[in-house]
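These entries record what I looked up in the structure shown below. I begin with single residues and then turn to the sheet, the helices and the rings.

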Amino acid sequence: MATNGFEYVNLSDDLEHYNKAFAAFIERRYPQNAREAWVKLLLQQDNIKTCIAKLERSEEPLRVLGIGSGTGEEDCKLVASLLGMYPKVQSTVVEPCMDHLRRYQERVESTDDLRIGAWDWRQHSWEEYSAIRMSEGDSTKFHIITSIHSSYYFLDHLEATIGEIVDCLQEDGLLLMVHCKEESGCFRAFNWQGNSHNDGYSVTSGDIRKMLERKGLVCNEAVLSESSEVTDCFAQEIDNDARLLVDFMTHVVNFQETAPPSVYNDFVKRLGSSEMTFRENGRIYMDVSSIIIIAKKE
């Protein structure tokens with residue numbers, strides 16, 4: 001791709017580099033346990049208990065689908081909680097990165113509370129998985145579907161993809177989607193060039209909610225408040241971890257090395273502005289809050 005006179009590789013097109021950049025971002029996220037909030041919020045939904053009560057009578061499994069689940073750090077919290085409520089949980093994990101999928105599997109194998117569940121591992125993008133379902137005539141419906149910060153990777157056909165996901169959802173099932181809050185510094189960083197490098201990142205949680213509502217789902221929202229420290233990105237000579245963090249924020253591979261100095265300096269200047277970061281005790285932080293959407297299929 002090219003913008004402002006320089007060629008670049010979108011971070012989404014280089015999974016190995018994305019993994020490194022995402023890890024650098026995760027290490028700086030605060031508070032570390034904030035994401036447990038969406039699990040608690042989901043489990044508080046009335047139809048979770050109603051669904052389990054029905055399954056207990058039929059002895060059917062509770063089917064869970066994770067889309068772009070990464071290393072399972074977050075989805076495992078949900079599955080472990082569900083297994084504590086109902087012993088027959090069948091989890092399908094759709095994740096295109098083999099390294100992430102392997103680490104997810106290792107997490108499950110090393111955790112007694114998770115090994116008792118049934119697991120179906122799919123190293124696929126959503127597009128690949130959906131095509132396989134169609135070719136095999138697979139009509140499996142899921143009681144719970146999660147898509148945590150994975151909607152960015154099918155933005156070229158987001159509404160059609162949401163339609164496919166909704167078709168996989170059981171009646172009275174729940175779909176959880178987590179998307180970057182548009183007022184956050186993280187969202188503004190993704191749009192560092194007025195979206196000229198990636199139009200998809202202008203999609204908001206409000207846009208996603210409207211798409212879900214057009215499919216007949218009833219939606220509720222909550223805010224997941226988090227910050228990430230970015231102080232090291234302002235050093236005169238930034239280290240490799242800080243470079244990876246910049247790559248994640250811009251979603252450009254090796255941004256410092258490939259962008260012209262004027263473009264790089266403009267980004268760092270904007271990063272230091274109050275619209276993207278705040279200062280506390282001599283350190284610099286970015287608001288990386290998200291919107292949690294819980295949609296019910298009625």
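**Entry 1: Glu-59**

Is Glu-59 buried or exposed? I find Glu-59 exposed, with a relative accessible area of 57%; buried means under 20% relative accessible area, exposed over 50% and partly exposed in between, with a 1.4 Å probe and protein chains only. I note that the model is predicted, that local features need pLDDT of at least 70, that side-chain atom pairs count only at pLDDT 80 or more, and that totals for chains, interfaces and linings use all residues. Residues are numbered from 1 along each chain as its sequence is written, and side-chain values use heavy atoms, with hydrogens and water left out.

I place Glu-59 in the loop between α3 (46–58) and β4. Helices (H or I, at least four residues) and strands (E, at least two) are DSSP runs, numbered from the N terminus. Glu-59 is not a glycine, yet has a positive phi of about 60°. Most residues other than glycine have a negative phi.

**Entry 2: His-251**

I looked up His-251 for its phi, which is positive at about 60° although the residue is not a glycine. His-251 sits in the loop between α11 and α12 (255–258). With 2% relative accessibility, His-251 counts as buried.

**Entry 3: Ser-125**

I located Ser-125 in the loop between β6 (118–122) and α7 (126–136). Its relative accessibility is 24%, so Ser-125 counts as partly exposed. Leaving aside residues up to four places away in sequence, Ser-125 touches Val-94 and Pro-96; contact means heavy atoms within 4.5 Å. I also noted Phe-154, 29 residues from Ser-125 along the chain, with 9.2 Å between the two C-alpha atoms.

**Entry 4: The sheet**

In what order do the strands of the open sheet of seven strands lie? I read the order as β6-β5-β4-β7-β8-β13-β9, with mixed pairing; two strands pair if DSSP finds at least two bridges between them. The edge strands are β6 and β9, each of which pairs on one side only. From one strand to the next the twist averages 15°. Axes are lines fitted to C-alpha atoms, for helices over the stretch in contact, and angles run from 0 to 180 degrees between N-to-C directions.

Strands β4 (residues 62–67) and β5 (residues 89–94) run parallel and are joined by six bridges. Here I find Gly-66 opposite Val-93 in β5.

I then turned to β13. Strand β8 (residues 169–180) pairs with β13 in the antiparallel sense over seven bridges, and His-179 stands opposite Ile-291 in β13. Strand β9 (residues 217–224) also pairs with β13 in the antiparallel sense, over eight bridges, and Leu-224 faces Ser-290 in β13. Seven of the eight residues of β13 (residues 290–297) are buried, so this strand is largely enclosed by the rest of the structure.

Helix α8 (residues 158–167) lies across β4, β7 (142–148), β8, β9 and β13, and runs at about 140° to β8.

**Entry 5: Helices α11 and α13**

At what angle do the axes of α11 and α13 cross? For α11 (residues 240–250) and α13 (residues 261–271) I find roughly 85°, with the axes coming within 12 Å. That makes α11 roughly perpendicular to α13; angles under 35 degrees count as roughly parallel, over 145 as roughly antiparallel, 65 to 115 as roughly perpendicular and the rest as oblique. Val-246, Met-249 and Thr-250 in α11 meet Tyr-264, Phe-267 and Leu-271 in α13. By class, this contact has five nonpolar, one polar and no charged residues. Ala, Val, Leu, Ile, Met, Phe, Trp, Tyr, Cys and Pro count as nonpolar, Asp, Glu, Lys and Arg as charged, and the others, Gly among them, as polar.

**Entry 6: Aromatic rings**

Rings of Phe, Tyr and Trp (its six-membered ring) pair if their centres lie within 6.5 Å; planes under 30 degrees apart count as stacked, over 60 as edge-to-face and the rest as tilted. By this rule I record twelve aromatic pairs. One of them, Phe-22 with Phe-25, is tilted, at 6.3 Å centre to centre and 35° between the planes. These two residues are three apart in helix α1 (residues 15–27), about one helical turn. Phe-22 is partly exposed at 28% relative accessibility, whereas Phe-25 is buried at 6%.

Ring pairs link Tyr-18, Phe-22, Phe-25 and Phe-248 into a cluster.
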